[in-house]
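Dear colleague,

I am handing over the structure below, and I would be glad if you could look through it before reading on.

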Amino acid sequence: MSIRRIIFLVYLITTTLALFAQNTSKVFQKANTQFETLGYAKAIELYETALKKPKGASEEEIVKAKLNLALCYKQVKDYANAERVYRETLSANPILKGEDIKAYRHFAQVLTSNGKFPEANQHWQKFNELQEQDKRGIEFIKLNSNREALERNAGSYRIEYVGINSSSADFSPVYFKKGLVFVSGRSTSSGIRRVFNWDASSFLDLFYLEDLKAIGNESNGASAIGSSTQTPIQKSAPPSKKLGTDYYTPPTPNDGKTIGRKGNEYITGSKDLDYEENPTIPTEKFSKNLNSKYHEGPCAFFHDGSKIIFTRNSQIGGGGLFGQKKNATINRLKLYIAEYEDNDWRKIREVPFNSNDYSCGHPTLTIDDKTLYFVSDMPGGYGGTDIWMTRYNNGEWTKPQNLGGAVNTRGNEMFPFIDERGNLYFSSDFHPGLGDLDIFFIPMNTATGMPSGKVRNLGAPLNSNKDDFGILTDSERQTGFLSSNRKRGGTDDDIYKFTRLGTLYGCRELIVNIYDNETKKPFDRIRFEYEIKGNKLSRESAITSSLGTIKLCLEADNEFNIFVKQNGFQTETVSFSNKDASDYESSKLDIFLKKEIILVDKNKKSKPTETKIQNDVLVSHKNNNSVSTIFRGIVTAGKDSTPIAGVKIKFINQCTGIAQEMVTGSDGSYEFRRELNCDYILESFKENFGKSAELVAKIEEKRGIINIFRKKTPVLSGGSLFDTKLYKVGDVVKLDNIYYDSDSYKIRKDAARELEKLVWTMQKNPNMIIEIRSHTDTRGNALDNLSLSQRRVNEVVDFLVDKGVARARMRGVGKGESEPVNSCGDGVQCTEAEHQRNRRTEFKILSIERK
């Protein structure tokens, strides 16, 4: 387990011991004790020994011991052994319940880190099937199926390994004066050299590089790497053992009992520990007053250099980590503030919102020094560790406020950084990423201090399949530093410098499909153009495949215009924005081309070619010419919009009451003559379909005496739900705009107007029987949502009964949160508008019987 993860522990399961400590061997009990107190290296040795001859242990106890062993290997980042034990245990198909179901999630994460993405998806799917609350597997499956989406912009950055790194962990740099302050676990005996001695534990201190020019001018200590998977080459003393397979720094006294530093024959490479690595750039301890016998972790400076806020482990024991049971062996993290006086840091004191019951750490300040962001597991969060915000006014701190679900998840968010524009960077193990911790970005509202955009993964090479965190950069991400264990893995964190060489953002995929609006068939190799809106110089062209489709990769966070021209068809200009699009899931855009409308006067003799054109128009277009005496159109099935034959059509003159009738052919078309100064009712009927009726309004003319004596046009109450479409038994029809306020079942005014259409439809189809369905969004408790949806559907049924619809013709079913129309499942970050789409009502036609 890495040092900075111990600062805010990601994976800690303490319930297992209580579940099966009884009736097991002493070795199992000792292993369980080590597991609970984070002694993973010792626990591995004990579990491996006990599992060789598990005398007297039940099958259930053996499975639990194996799951604990696999998790221990995962915690110390020995993914090869973690995969081995998980595979052996889960391939036997044990029946897992409760917390043990997380083993499928952990195995999926291990397989992802080992580059086995298809197999990882299988176990994400298994995890999804066995529990209802944690739905992050859905997004990880999408990402693992298209990882190239987060890797395609890798060429835009150069990553350099810098010479201040040591054999110990080095991470979380911040600017101070002309230099860099960072966290390190290197030996205190030398500022530039650290040789691992696995017989002693390591403490974190703050170190200082006085002049950043030392990194910029470094000739031998930095080497650019092309991607996150390449190993940076450093020029330092050669190690005495092969690097890359060793087991690094375990948890430290900063948080609790540590894993012993002596080699463990069970952990891959842990015996090969006697190597050393020499920094090529000298650094020194930052401050004797700040660095103590305790751990000092990530820090932040007021921008005038007068104050520092830093992380230090509590001097008082008590309280387990992150909501665990009280345990005197584990100390909390706290934030401290100090002032610079007489050439050193003095007046060290705690911030007022610290507590012995939870941890606070990882500070970052806005450029005006008025807003502090930090990490905590205090009550009121989303799970794991969250990012919080507090204001600094007249020397006083306001009550901390959680940044909410746009940033925080059921997992762990940590290492926040605010750039000079107020944009937030942070690391997370829950938002979908390339592996372990990834760095994410989200715009912020500087007035409120809260998120104002969508979380974005920075992608490769800033992220890798290892831990990536502790970023420091400018508002355009032109240059900066980040922390990562990508070089050797394990817990050997290093600081890297990065420089942007290309675009700030990569591109996001868009699949364009172009169809004939009449036939719904795709065009064969149609050419079109597209450009960034407002930038004609960006215009490019593309040609679809024989299936009428093409995949574009458009510059991220932009709006585009797409232009399609085709002989015989109307020109289409379609706007598209990918500002809210997924980084790794392709967006889709369907474009339907309509044939050109050519008006032909039937009173004049037409040439054969002109007649053919008129017939084409007849079967494909509803007449939109307001001055034409010909009214024509096409009847389609409501579910899939395909033309239907055998539909009886009536066109009723509301001035005279005279009705014209016809039956549609295979193309679904119809045509009637009309008087422009009269309203008409257009009715459509077909066996097993709902009846359609719509008002065809007259063409307005100057008021005359004759108008007074005309028959009054009947008013359709809100219009028909079907309009020009027909629906059959089994179709599910969504009621537009039947939405509800969050946590409410009362019908809004806009919904009541829409329900009037359903009333009219039921009246026009007196033998129709329907099932009304109501849905909620996925936030909140599932059982509460089910109850809420039933109250909502009951409210709709009561509304219709009050309007005269027989209750026997309706069946109300509350669906709760079980059928979202988008990807806004549990744990998925969505906008309020996206959640509202799921708070909907629809109906299914159960029967349409003739009289």
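For the counts by class in these notes, Ala, Val, Leu, Ile, Met, Phe, Trp, Tyr, Cys and Pro count as nonpolar, Asp, Glu, Lys and Arg as charged, and the others, Gly among them, as polar. Please keep in mind throughout that this is a predicted model.

A search of the whole structure gives 7 cavities of 30 Å³ or more, and the largest cavity has a volume of about 240 Å³. This largest cavity is lined by 20 residues, of which Asn-457, Leu-458, Tyr-505, Gly-506 and Asp-583 are the closest to its centre. By class, its lining consists of 10 nonpolar, 4 polar and 6 charged residues, and strand 23 (456-457) and strand 27 (507-516) each supply at least two residues of that lining.

The largest pocket holds about 1500 Å³ of space. Its lining is made by 47 residues, with Lys-454, Val-828, Gln-829, Cys-830 and Glu-834 lying nearest its centre; helix 9, strand 23 and helix 15 (832-838) are the elements that give two or more residues to this lining. Divided by class, the residues lining the largest pocket are 13 nonpolar, 20 polar and 14 charged.

Turning to the packing of helices, helix 4 (residues 40-52) and helix 5 (residues 59-75) pack at an angle of about 145°, their axes being 9 Å apart, and the crossing of the two is left-handed. On the side of helix 4 the contact is made by Tyr-40, Ala-43, Ile-44, Tyr-47, Glu-48 and Leu-51, while helix 5 brings Ile-62, Ala-65, Lys-66, Asn-68, Leu-69, Cys-72, Tyr-73 and Gln-75. In terms of class, this contact between helix 4 and helix 5 has 10 nonpolar, 2 polar and 2 charged residues.

The search for aromatic pairs across the whole structure finds 35 of them. One of these is formed by Trp-124 and Phe-140, whose ring centres are 4.8 Å apart and whose planes lie at 15°, so the pair counts as stacked, the cut-off for stacking being planes under 30 degrees apart. Because Trp-124 lies in helix 8 (residues 117-130) and Phe-140 in helix 9 (residues 136-144), the pair ties together parts that are 16 residues apart in sequence.

Finally, two details of the backbone deserve a look. Most residues other than glycine have a negative phi, and most peptide bonds are trans. Lys-347, which lies in strand 12 (residues 344-350), has a positive phi near 55°. The peptide bond from Ala-460 to Pro-461 is cis, with omega near 0°, and Pro-461 is found in the loop between strand 23 and strand 24 (468-473).

With best wishes

Technical notes: Residues are numbered from 1 along each chain as its sequence is written. This is a predicted model: local features need pLDDT of at least 70, side-chain atom pairs count only at pLDDT 80 or more; totals for chains, interfaces and linings use all residues. Side-chain values use heavy atoms; hydrogens and water are left out. Axes are lines fitted to C-alpha atoms, for helices over the stretch in contact, and angles run from 0 to 180 degrees between N-to-C directions. Helices (H or I, at least four residues) and strands (E, at least two) are DSSP runs, numbered from the N terminus. A crossing is left-handed if the near helix is turned anticlockwise from the far one by less than a right angle, and right-handed if clockwise. Contact means heavy atoms within 4.5 Å. On a 1 Å grid over the protein atoms alone, a cavity is a set of points where a 1.4 Å probe fits but cannot get out, and a pocket is an open set with protein on both sides within 12 Å along at least five of seven lines; lining residues have an atom within 4 Å of a point. Grid points are joined across faces, edges and corners, and a volume is the space filled by probe spheres set on the points. Rings of Phe, Tyr and Trp (its six-membered ring) pair if their centres lie within 6.5 Å; planes under 30 degrees apart count as stacked, over 60 as edge-to-face and the rest as tilted.
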